[in-house]
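Me: I've got a model open and I'd like to learn how to read it feature by feature. Can we go through it together?

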Amino acid sequence: MRIRLSQLTKTYKGGVHALKGIDLDVPTGMYGLLGSNGAGKTTLMRILAGLLRPTSGTVLLGGHDVTTKEGRLAVQRTLGYLPQDLGVYPDLTARQFLDYIALLKGIDERSARRRRIGELLEVVALTEHADRKLKGYSGGMLRRVGIAQALLNDPRLLIVDEPTTGLDPEERIRFRTLLSRLAGERTVLLSTHIVEDVAQTCRYLAVLAKGRLVFQGDVGALVAAAHRQVWTVTTSGAAPSTGRIVAALPHGSGMRYRVVAPVPPDPSARPAEPTLEDGYLALMEAAAPV
Ligand SMILES: Nc1ncnc2c1ncn2[C@@H]1O[C@H](COP(=O)(O)OP(=O)(O)OP(=O)(O)O)[C@@H](O)[C@H]1O
């Protein structure tokens, strides 16, 4: 399902400008939305999910304008949302919890619910834990229950807000692989501040900084934008005084620094091959130099 945003703004009561004139076009497949804390990601996700009204602008999901009541109703059935803070009932088992959400989503027929929940427990690899109470689940397992509830209505658009925060490395990799598998013909919009999650799963991404869209395009273009902006500096110990240091490793009797800066941070600096993280940091550096 294609997403088209035009001139989208959100100003909260009290005057916080959370989104400032966003124009964005999201194709089908897995799409990353990167931004630091407070950049406006959750605000954007909640507007897309129809839970928050924008101050101005249009939001088209598969051609329906979700800023109108008719548009929201039209897309409700084709949208799945995993919020940052999904509340669960700890005394329910995963199967009971999913059954309860399926009822809320209007899957009235008991056998249809049972079948769908069985399928989804398989998809998220929780079948063997399905009859355990949620209070005994790890963070990663709870996140997978969250995905299962978002998939109950087989949505064409799946919105996931910072799903890997706080997960251990194995769970993070497992979770993002699951999201990639789900993408296929769906649009999966992954909002995160973890650059590696986007690098490993998305071909396209957008970057938000302080409510503004500062990049949209393919991952390769953001990496390429950091060309000749990433440097290796080897010193006897002292850190370079300009640029953003992204790594510092002991090297012989001194130190080797990796630095993101628009110009060489030191006469001895050598250009280094950029990664997506470097591209992201170079963009942030340009938006708000340290
Ligand atoms: N209900 C609200 N009322 C007033 N200001 C808000 C509200 N919700 C968010 N904000 C402000 O809007 C800005 C964007 O917040 P938002 O939660 O969308 O960012 P985010 O990128 O999701 O951040 P995080 O990664 O920390 O969740 C922040 O300055 C935040 O303090």
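Me: Let's begin at a strand pairing: which residue in S14 is the bridge partner of Trp-231?

Reply: Strands of a sheet pair through backbone hydrogen bonds, either parallel or antiparallel. Here Trp-231 is bridged to Pro-271 of S14. Strands are DSSP runs of E with at least two residues, helices are runs of H or I with at least four, and both are numbered from the N terminus. Before going on: this is a predicted model, where local features need pLDDT of at least 70, side-chain atom pairs count only at pLDDT 80 or more, and totals for chains, interfaces and linings use all residues. Residue numbers start from 1 along each chain, as its sequence is written.

Me: Over how many bridges do S11 and S14 pair?

Reply: Two strands count as paired if DSSP finds at least two bridges between them. S11, residues 230–235, pairs with S14 over 2 bridges, in the antiparallel sense.

Me: What is the strand order in the open sheet?

Reply: The 4 strands run S12-S13-S11-S14, with antiparallel pairing. At the edges sit S12 (244–251) and S14 (270–271), each pairing on one side only.

Me: Which domains does the assignment give for the protein chain?

Reply: Domain bounds come from an automatic or database domain assignment. In this chain, domain 1 covers 3–218 and domain 2 covers 228–273. Their centres, taken over C-alpha atoms, are 38 Å apart.

Me: And what does the UniProt annotation cover?

Reply: The unreviewed UniProt entry carries "domain: ABC transporter" over residues 3–235. UniProt positions are given in the numbering used here, with feature names shortened, and annotations may be inferred rather than shown by experiment. The span 3–235 is 36% helix and 29% strand, with its end C-alpha atoms 48 Å apart.

Me: How many residues surround the ligand?

Reply: A residue is near a molecule if its C-beta atom, placed from the backbone, lies within 6 Å of it. The ligand has 13 residues around it, the closest being Tyr-12, Asn-37, Lys-41, Thr-42 and Thr-43. By class, the shell holds 4 nonpolar, 8 polar and 1 charged residues. Those classes put Ala, Val, Leu, Ile, Met, Phe, Trp, Tyr, Cys and Pro in nonpolar, Asp, Glu, Lys and Arg in charged, and the others, Gly among them, in polar.

Me: Which helix gives the most to that shell?

Reply: That's H1 (residues 41–48), with 3 residues.

Me: Is H1 mostly covered or mostly open?

Reply: For burial, count the other C-beta atoms (placed from the backbone) within 10 Å of a residue's own: 20 or more is buried, 12 or fewer is exposed, and in between is partly exposed. H1 is mostly covered, with 7 of its 8 residues buried. Among them are Lys-41, Thr-43 and Arg-46. Just after H1, Gly-50 has a positive phi of about 80 degrees. Across the protein chain, 39% of the 290 residues count as buried.

Me: Where is Gln-7 placed?

Reply: Gln-7 is in strand S1, residues 3–11. Its phi is positive, about 50 degrees, although Gln-7 is not a glycine. Gln-7 counts as exposed because it has 12 C-beta neighbours inside 10 Å.

Me: And where is Asp-154 found?

Reply: Asp-154 is in the loop between helix H5 (139–151) and strand S7 (157–161). Phi of Asp-154 is near 50 degrees, again positive in a residue other than glycine. Asp-154 has 12 C-beta neighbours inside 10 Å, so it counts as exposed.
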